[in-house]
Structures are given as structure tokens and as C-alpha cells.
Amino acid sequence: MDWRALGDDFTANWHIYATMPIIASIIGYITKRAAIEMMYRPLEFVGVGKLGWQGVIPANAERMATVAVDLMTSNLIDPRAIFARLDPQEVAARLREPMAAVVEQVTVELVEEYQPNLWERTPRQARQVVLNRARAEAPRVVERLMRELAENIEQVLDVKDMAVRQLVRDKAVLNRLIRETATPEMRFIARSGVWFGLIIGLVQVVVWALTKSAWVMPVFGGLTGWLTDWLALKMIFFPRREKRFLGVVRWQGMFQRRKEQVAEDYADLVAREILTVGNVLEAVLTGPKSDRLFDMVQYEVRRSIDAQAGAVKPLVVAAVGPRRYQEMKKAAARKAMASFPETVREIEDYATEALGIRDTVVRQIQALDAVQYEGLLRPAFRQDEWKLIAVGAVIGCLVGELQVLLLLH
């Protein structure tokens with residue numbers, strides 16, 4: 001080997017050698033940023049036919065949401081235990097006033113519908129007696145209903161279906177669940193590309209000096225993109241427990257090391273945007289098990305009407321007819337259900353505090369073992385990480401080829 005010739009070449013072309021590690025660092029950074037953004041963007045498919053791109057997470061929204069929710073419902077959330085925290089008496093007390101208005105409206109509407117003009121012909125004192133009895137019964141109905149809901153919440157609410165529907169419907173929420181939970185990891189991936197690229201660039205300098213081959217630039221560009229993406233992704237999760245390398249360097253997967261902070265961030269978003277009182281109410285009213293709730297409400301309303309009719313029930317039945325009396329009770333249940341969304345807003349703050357979703361999720365995440373905990377974020381990468389790595393390699397090759405063209409000119 002002619003070391004003098006190598007030295008002369010290096011002196012004459014020092015600027016070329018100096019730029020190689022720099023360009024490799026830039027390739028490393030660009031490919032990492034590209035990989036990160038391609039995970040999230042675009043939310044919807046952009047392209048023609050099958051030729052195009054959609055963010056890895058939005059494109060697999062249902063699968064990723066199902067994986068995340070499976071973990072949530074199997075390890076983090078116990079619906080029965082959580083809803084048992086709602087005090088039926090407290091709920092009834094807080095709904096007393098709004099329920100009074102609903103009861104009065106429903107009572108008047110039912111009487112006018114099934115016995116037209118009867119309400120106007122009834123003396124004011126008699127009307128007040130009817131309304132007072134209905135108002136007095138309403139809190140007891142709410143309390144009984146709350147106790148039955150707490151005991152049978154899984155028959156009324158499908159938490160998994162609710163959360164998956166929410167995440168698939170609003171892919172931006174699913175993106176935030178991953179992005180906000182893994183912000184430091186994403187930052188590490190981008191920055192690691194600079195240092196990994198620099199190291200590979202130094203090797204590239206040696207290979208170029210010895211070979212002067214045109215293939216060195218694109219090959220090393222592709223290698224930089226592929227290897228740095230692969231290394232960065234692995235270093236996020238592994239090793240799961242801290243290990244010492246070469247007897248000096250200690251390392252633990254970044255995500256594993258940040259377990260306490262991840263628990264806080266993940267729980268914040270779950271409580272703020274997924275398992276909210278509003279989303280729970282929507283799922284109860286419109287989800288696949290909503291018929292069961294209507295059956296419960298109908299049973300309690302019918303029971304209440306029969307109780308209020310008391311000794312005069314035969315007279316009421318005789319006045320409206322047995323069939324219309326049953327129809328009236330069903331109509332009362334439908335009207336009660338229709339008033340649910342607006343009425344329940346009165347206890348939203350109390351329910352949010354009492355359910356304590358956030359604190360529950362924090363405690364449960366901290367109790368997960370290393371493999372279970374990894375499942376919070378790993379599904380976002382596992383199935384399609386090869387695509388991200390491949391894109392990094394392609395970008396690296398293209399930049400390397402451009403580098404060759406610049407050298408030749």
C-alpha cells in the first residue's frame with residue numbers, strides 16, 4: 001500500500017474527505033426525521049390507486065387501537081371496579097334538580113298525549129300532588145338504576161368497543177397517544193442519526209480512500225439510512241433491564257427507563273380524550289349494548305309509574321285502557337332515555353373525579369412487567385418498522401448517488 005500516495009490524495013482532496021462524515025450525519029438525521037413523520041402522516045391515504053402513502057399508525061388504526069385497548073382493558077382498566085366508585089346516593093342528589101324539570105315535562109307530555117285536555121281540567125292542587133310524587137320518586141329511580149348499572153356495567157358498556165371506535169374515528173387521537181407518550185424516544189431517534197451517521201461516515205472515508213469506487217457513496221448512504229434506523233428503534237426498547245456493555249457503558253431501552261413518566265403521560269391522554277365521561281355516555285347510549293340500558297330504564301320507569309299509581313292504578317288503567325297504559329309506560333321510558341345526555345352533564349365533573357381514570361391507569365402501568373409495558377408503544381413499530389427502515393435505506397442511497405455526481409463534476 002502506498003501510504004505516501006494516500007497522504008497526497010488526502011491533502012489534495014481534503015474537502016471531499018471532510019464532507020463525507022458530515023453528509024453521513026445529515027443522511028442519518030434526515031432518514032430518522034422521515035421515518036418519524038411517516039409514522040404519523042398523512043392521516044388519510046394520499047396517492048393514486050395503491051401507489052401512495054398513509055401514516056403507518058393511521059393506516060393501521062383499527063389494529064393498533066385494538067392492541068392498545070386490549071392492553072388497557074386486560075391490564076389497566078376494570079370497568080366494574082371503576083364504576084363502583086360512583087356513589088348512587090350522591091348521583092341521585094346531584095341530579096335531583098335537573099331530574100325534577102325532566103319529570104315535570106315528561107309527566108305533562110304523557111298526560112296530554114294519552115288523556116288530552118285532562119291536565120288543564122285537573123285542579124292545580126291535584127296537579128301539584130302528582131308532580132310532587134313524581135319528583136320524589138325520581139331520585140329513588142336514579143339511585144336504583146345506578147346500583148344496577150354498577151353491578152352490571154359490562155352488560156351495558158363495552159369499554160373495548162368504545163375505545164376502539166373513538167381511536168379509529170379520530171386517528172389524530174391515536175397519533176397523539178403514541179406521539180405524546182414517546183416524545184423523548186422520537187427525539188432520540190432523530191438525534192441518534194447524527195452520531196451513528198458520523199461514525200459510519202468515518203468508515204466511509206477509509207473505504208473511499210482505499211478504493212475510489214463510485215459505489216462506495218450510495219452503498220454507505222443506504223447503509224447509514226438502514227443501520228441507523230434499525231439501531232435507533234432497537235435502542236428504544238432493548239435491553240429491557242439495564243446492562244453494562246464493554247464493562248463501561250450502561251444502557252437500558254429508553255422507553256423502559258422512562259416508565260414512571262410514560263405512565264403519567266399515557267394516563268393523562270387516556271383520561272382526557274378516550275375514557276371520558278362524555279365518551280362513556282355516548283357508548284352506553286349508542287354502543288352495541290345500549291339495548292340493555294334501555295331495558296333497565298324501562299323497568300325502573302314502569303316500576304315507578306305503577307308505584308305512583310298505587311291504589312288508583314285500576315282506575316288509571318280503566319281510563320286509558322290496559323294496552324295504552326303499557327304504551328304510556330314505554331313512552332315514559334323513551335322520554336327518560338332522550339333526556340339522559342343533557343341531564344347527565346350535571347354530574348360530569350363529579351363522575352370524572354370519582355372514577356379516577358387517570359390515577360388508575362398510572363398505578364396499573366407502573367405495575368406492568370417489562371414485556372407488558374413494552375406493549376404500550378411497541379405495536380406502533382413492530383409490524384411496519386421494516387418499511388421505515390427500507391425508506392431510510394432508499395433515501396440514504398439517493399443522497400449517496402447525488403454525492404457521487406457532485407464528486408464527478
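What follows is a short tour, from the whole chain down to single side chains.

This is a predicted model, so to speak of a local feature takes pLDDT of at least 70 and side-chain atom pairs count only at pLDDT 80 or more, while totals for chains, interfaces and linings use all residues. Residues are numbered from 1 along each chain as its sequence is written, and side-chain values use heavy atoms, with hydrogens and water left out.

**The whole chain**

- The chain has 25 helices and 4 strands; these are DSSP runs, numbered from the N terminus, with helices (H or I) of at least four residues and strands (E) of at least two.
- Out of 409 residues, 47% are buried, where buried means under 20% relative accessible area, exposed means over 50%, and partly exposed is in between (1.4 Å probe, protein chains only).
- Take the contacts between residues at least 6 apart in sequence: 80% of them join residues at least 24 apart. A contact here means heavy atoms within 4.5 Å.

**Two cis prolines**

- Arg41 and Pro42 are joined by a cis peptide bond, with omega at about -10 degrees. Pro42 sits in the loop between helix H2 (14-40) and strand E1 (46-48).
- Phe238 and Pro239 are also joined by a cis peptide bond, with omega at about -5 degrees. You'll find Pro239 in the loop between helix H14 (216-237) and strand E3 (243-245).

**Salt bridges**

- The structure holds 16 salt bridges, each a side-chain nitrogen of Lys or Arg within 4 Å of a carboxyl oxygen of Asp or Glu.
- One of them pairs Arg147 with Glu143 at 3.0 Å, N to O. Both lie in helix H9 (residues 124-151), 4 residues apart, or about one turn of the helix. Arg147 is partly exposed at 40% relative accessibility, and Glu143 is partly exposed at 21%.
- Glu180 and Arg272 form another, with their closest N and O atoms 3.3 Å apart. Glu180 is in helix H12 (residues 171-181) and Arg272 in helix H16, so this pair ties together parts that are 92 residues apart in sequence.
- Arg33, Glu37, Arg41 and Arg179 are linked in a salt-bridge network.

**Around Glu273**

- Glu273 belongs to helix H16 (residues 259-274) and is buried, with a relative accessible area of 16%.
- Its side chain meets that of Arg272 in a salt bridge (3.7 Å, N to O).
- Beyond its neighbours within four places in sequence, Glu273 is in contact with Gln166, Val173, Arg176 and Asn279.

**Around Glu90**

- Glu90 lies in helix H6 (residues 88-94) and is partly exposed, with a relative accessible area of 30%.
- A polar contact of 2.7 Å joins its side chain to that of Arg94.
- Glu90 and Ile347 are 257 residues apart in sequence, but their C-alpha atoms are 9.4 Å apart in space.

Terms used: A polar contact is a pair of N or O atoms within 3.5 Å; within protein, one must be able to donate a hydrogen and the other to accept it, and residues adjacent in sequence count only if both atoms are side-chain atoms.
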